[in-house]
Amino acid sequence: MVENLRLKGITDERVLDAMNKVPRHLFLDTTLDLLAYEDQALPILCEQTISMPSTVAFQSQLLNVQPRMKVLEIGTGSGYQTAILCTLGARVFSIERQKGLFSRTKSKLESLSYRAKCFLGDGYQGLTEIHEHPFDRIIITCGARMIPQPLFDQLKEGGIMVIPVGNNEQEMLRVTKVEGKAQIEQFGHCRFVPMLEGRQF
Ligand code: SAH
């Protein structure tokens, strides 16, 4: 898988190493074992998808995570991206809006000893536990209609947010907070499941 990621332009050795270490098949239904290491998005619970490995690696590379950084992830899903962030040494806070996925994935991450803190909630609001703010990095793994203001507010000065923005198709954006303002860079088209408003009980 790592060789394929290099061919697709992933150059960050720490990201490649993390991708090599985290067994993706453990985050999928066993019937999908044979496809786990192909560069494909695959179905998970609640009609959601686990992102393609190259997308996970690309977002992780743009995020430029350093050990001990506080990272907020929106869209826990299968927990695969969460595990990559933990392996990069981040202190991860992850929000999922679907109860079924939240409970399953929280236990899965615990059973595999990934120390992320999982929350059930609406990612558009960010983390309601304000004592955990601000974050060095924020990663959104679903397609957002716009850059949610509460998430930008929860980003540290100099911090980076990686977010796919758009409706049916999205543009991958890297947003850096400089003197309180958003500096935006674009990194091409991508396709994610939509970021929906409100949480599911
Ligand atoms: N990072 C995940 C990607 C899962 S797909 C993985 O590697 O498997 C995106 C996830 O975002 C879905 O689980 C979906 O339920 C969740 N999601 C969508 N809108 C959300 C919101 N407003 N807040 C939190 N999670 C959301």
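This report walks through one predicted protein model, from its overall build down to a few single residues.

**How to read the numbers**

Because the model is predicted, local features need a pLDDT of at least 70 and side-chain atom pairs count only at pLDDT 80 or more, while totals for chains, interfaces and linings use all residues. Residues are numbered from 1 along each chain as its sequence is written, and side-chain values use heavy atoms, with hydrogens and water left out.

**The whole chain**

Let's start with the big picture. The protein chain has 6 helices and 9 strands. Both are DSSP runs numbered from the N terminus, where helices are H or I with at least four residues and strands are E with at least two. Its C-alpha trace spans about 45 × 40 × 35 Å along the principal axes. For 201 residues, a compact globule would have a radius of gyration near 17 Å, and the 15 Å of the protein chain agrees with that. This radius is taken over C-alpha atoms, and the globule rule is 2.2 Å times the number of residues to the power 0.38.

How much of the protein chain is buried? Buried residues make up 53% of the 201 residues. Here, buried means under 20% relative accessible area, exposed means over 50%, and partly exposed is in between (1.4 Å probe, protein chains only). The protein chain exposes about 9800 Å², and carbon and sulfur atoms supply 51% of that area. These areas come from the Shrake-Rupley method with a 1.4 Å probe; for residues, only the protein chains shown count as cover.

A contact means heavy atoms within 4.5 Å. Of the contacts in the protein chain with a separation of 6 or more, 50% are between residues 24 or more positions apart.

Helix α3 (residues 53-63) is mostly covered, with 10 of its 11 residues buried. Among them are Pro53, Val56, Ala57, Leu62 and Leu63. Helix α4 (residues 80-87) is largely enclosed by the rest of the structure, because 7 of its 8 residues are buried. Tyr80, Ile84 and Cys86 are among the buried residues of α4.

**Side chains that reach a backbone oxygen**

Next come three residues with a polar contact, which is a pair of N or O atoms within 3.5 Å; within protein, one must be able to donate a hydrogen and the other to accept it, and residues adjacent in sequence count only if both atoms are side-chain atoms.

| Side chain | Backbone oxygen of | Distance |
|---|---|---|
| Glutamine 170 | Asparagine 167 | 3.2 Å |
| Serine 111 | Lysine 108 | 2.8 Å |
| Lysine 70 | Glutamate 132 | 2.9 Å |

Glutamine 170 is found in strand β8 (residues 170-178), and its relative accessible area of 1% makes it buried. Leaving aside neighbours within four places in sequence, glutamine 170 is in contact with residues including Gly143, Pro164, His189 and Phe192.

Phe192 itself is found in the segment after β9 (181-190). At 11% relative accessibility, phenylalanine 192 counts as buried. Not counting residues up to four places away in sequence, phenylalanine 192 touches Thr55, Gln59, Gly143 and Met172, among others. Phenylalanine 192 and asparagine 167 are 25 residues apart in sequence and 9.3 Å apart in space, C-alpha to C-alpha.

Lysine 70 is found in strand β3 (residues 70-74). Is lysine 70 buried or exposed? With 14% relative accessibility, lysine 70 counts as buried. Its contacts beyond four places in sequence include Arg91, Glu132, Pro134 and Asp136.

Serine 111 lies in helix α5 (residues 99-111). With a relative accessible area of 56%, serine 111 is exposed.

Most residues other than glycine have a negative phi, and most peptide bonds are trans. Which peptide bond is cis? The bond from histidine 133 to proline 134 is cis, with omega near -10°. Proline 134 lies in the loop between β5 (117-120) and β6 (135-140).

Glutamate 47 has a positive phi of about 60° although it is not a glycine. Glutamate 47 lies in the loop between β1 (42-43) and β2 (49-50), and is exposed at a relative accessible area of 77%. Serine 113, also not a glycine, has a positive phi of about 65°. Serine 113 lies in the loop between α5 and β5 and is exposed, with a relative accessible area of 59%. Just after α3, asparagine 64 takes a positive phi of about 50°.
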